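Okay, everyone, let's get this up on the screen. I'd like to walk you through one site and then one residue beside it in the list.

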Amino acid sequence: MKEYWQEELETMKRPDLEKLQVERLKKTVELAMNSPFYGNIFKERKITPESIKSLEDLQRFPFTVKDDLRSHYPFGLSSVPLEKVVRLHSSSGTTGNPTVILHTQKDLDEWANQVARCMYMVGVRNTDVFQNTSGYGMFTGGLGFQYGAERLGALTVPAAAGNSRRQIKFIMDFGTTAVHAIPSYATRLAEVFMEMGIDPRKDTKLKTMFIGAEPHSEEQRKRIEQLFGVKAYNSFGMSEMNGPGVAFECKEQNGLHIWEDYVIVEIVNPVTLEPVKDGEIGEMVLTTINREAMPLFRYRTRDLTCIIPGDCPCGRTHRRIARIKGRSDDMMIVKGVNIFPIQIEKILMNFKELGMNYLITIETIENNDEMLVEVELGDTVRVDDYALLQNLTKAITHQLKDEILLTPKVKLVERGTLPQSDGKAVRVKDLRKNH
Ligand code: ADP
Ligand code: ZN
């Protein structure tokens, strides 16, 4: 088995790592000159490989945004002839044209390496049985984890999305030790385990979970860990950056190492686009420096996070990003207050009496913005225990008010009554007229 503790790269001294980044940036510029989109930009801005001397030179590049990908759909950002491209992934495209990301065979090999490195980092080995509950297809969580786990040599169970009872049968029959699931699905799976009278903590071999692809709070992670009796690691990825494998927690579970031999990371103020200091929240901007078919320069991810200052005790020198707070477009402005769904989740998850599914609805009532927070009860609470429900509602409302500075209406509902999505959870319904 090839070792995926890539010590030389993972613990590279910062000056050496930065030198490697500059080298790779130059190579990437050379490739991207062939792309119709970047070719023009580079000509205009006189960007050539030779003109890149240090990471400072990145500031000469304009930002790339999702709309650039849309308006050059499908192949306008390709840096290699199409005969070298072996796969594409495309986003759903609910608004306008979808986006497309192209990969050469080398790109796919590098991506598998990234994911294998992440999994190895938290203890997955070729003796593990890895089950993937992501959809296989355009969603990168499927094939991304599949090839990474195979590369590592684990026995893979490509169960794909849905059919929880079958997932559980596989977990039991095949002795699954590691699972990848989006957090909202992990909680659903825990419920089905309960319904089937199986205790995943005792009756399975599960020990590791990878949760990602959607924002979730530390509190939700802890719940998932308790429900399954596992360690759950935060996995960040996005299709534009291949998919999973971009940034991943190490065993310290304190921030996600972002693989800086693959991307250059900047955090900028989303309004002024100026860089912010380490520890300050801003929008993450990423440049691919190890991709052939479709490099992206200074791609605005819309994801809000910060660089965690200081070194990680694990010894890796690649910097850590904090848990994603949400996308800039997830921010709700209600009565002039800026709120992220994750702030609400954090409070709800602290109440043991509550389940894990919730829905935030905002609507205009008599010219006022009103927020309704509906949350499912856990199975320890009886829905006709009115006194308890009343007290609970009061306590939740109070804590939410402290966190988000306005008083929402809180409604406790029976388990299984709120909508459950097949893919990423939909947490907010904004019914206001101007939305
Ligand atoms: P889509 O844009 O259709 O959701 P992706 O699957 O590429 O498609 O989603 C990437 C986005 O998912 C990221 O930009 C981020 O907003 C979110 N995301 C991915 N991983 C995490 C994570 N670990 N924590 C929070 N959000 C995440
Ligand atoms: Zn670490």
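So, His257 is buried, because its relative accessible area is 0%; buried means under 20%, exposed over 50%, and partly exposed in between, with a 1.4 Å probe and protein chains only. Before I go on: this is a predicted model, where local features need pLDDT of at least 70, side-chain atom pairs count only at pLDDT 80 or more, and totals for chains, interfaces and linings use all residues. Residues are numbered from 1 along each chain as its sequence is written, chains are lettered from A and ligands numbered from 1 in the order in which they are written, and side-chain values use heavy atoms, leaving out hydrogens and water.

What coordinates the zinc ion (ligand 2)? That would be Cys250 (SG), His257 (NE2), Cys312 (SG) and Cys314 (SG), at 2.1 to 2.3 Å. Donors here are N, O and S atoms within 2.8 Å of the metal (3.2 Å for Na, K and Ca), and with water not among the atoms, sites may look incomplete. In sequence, the donor residues are spaced C-x6-H-x54-C-x1-C. His257 and Cys314 link distant parts of the chain, 57 residues apart.

Now over to Tyr233. Buried or exposed? Tyr233 is buried, at 4% relative accessible area. The C-alpha atoms of Tyr233 and Phe248 are 7.4 Å apart, with the two residues 15 apart along the chain.

Technical notes. Helix = DSSP H or I, 4+ residues; strand = E, 2+ residues; numbered from the N terminus.
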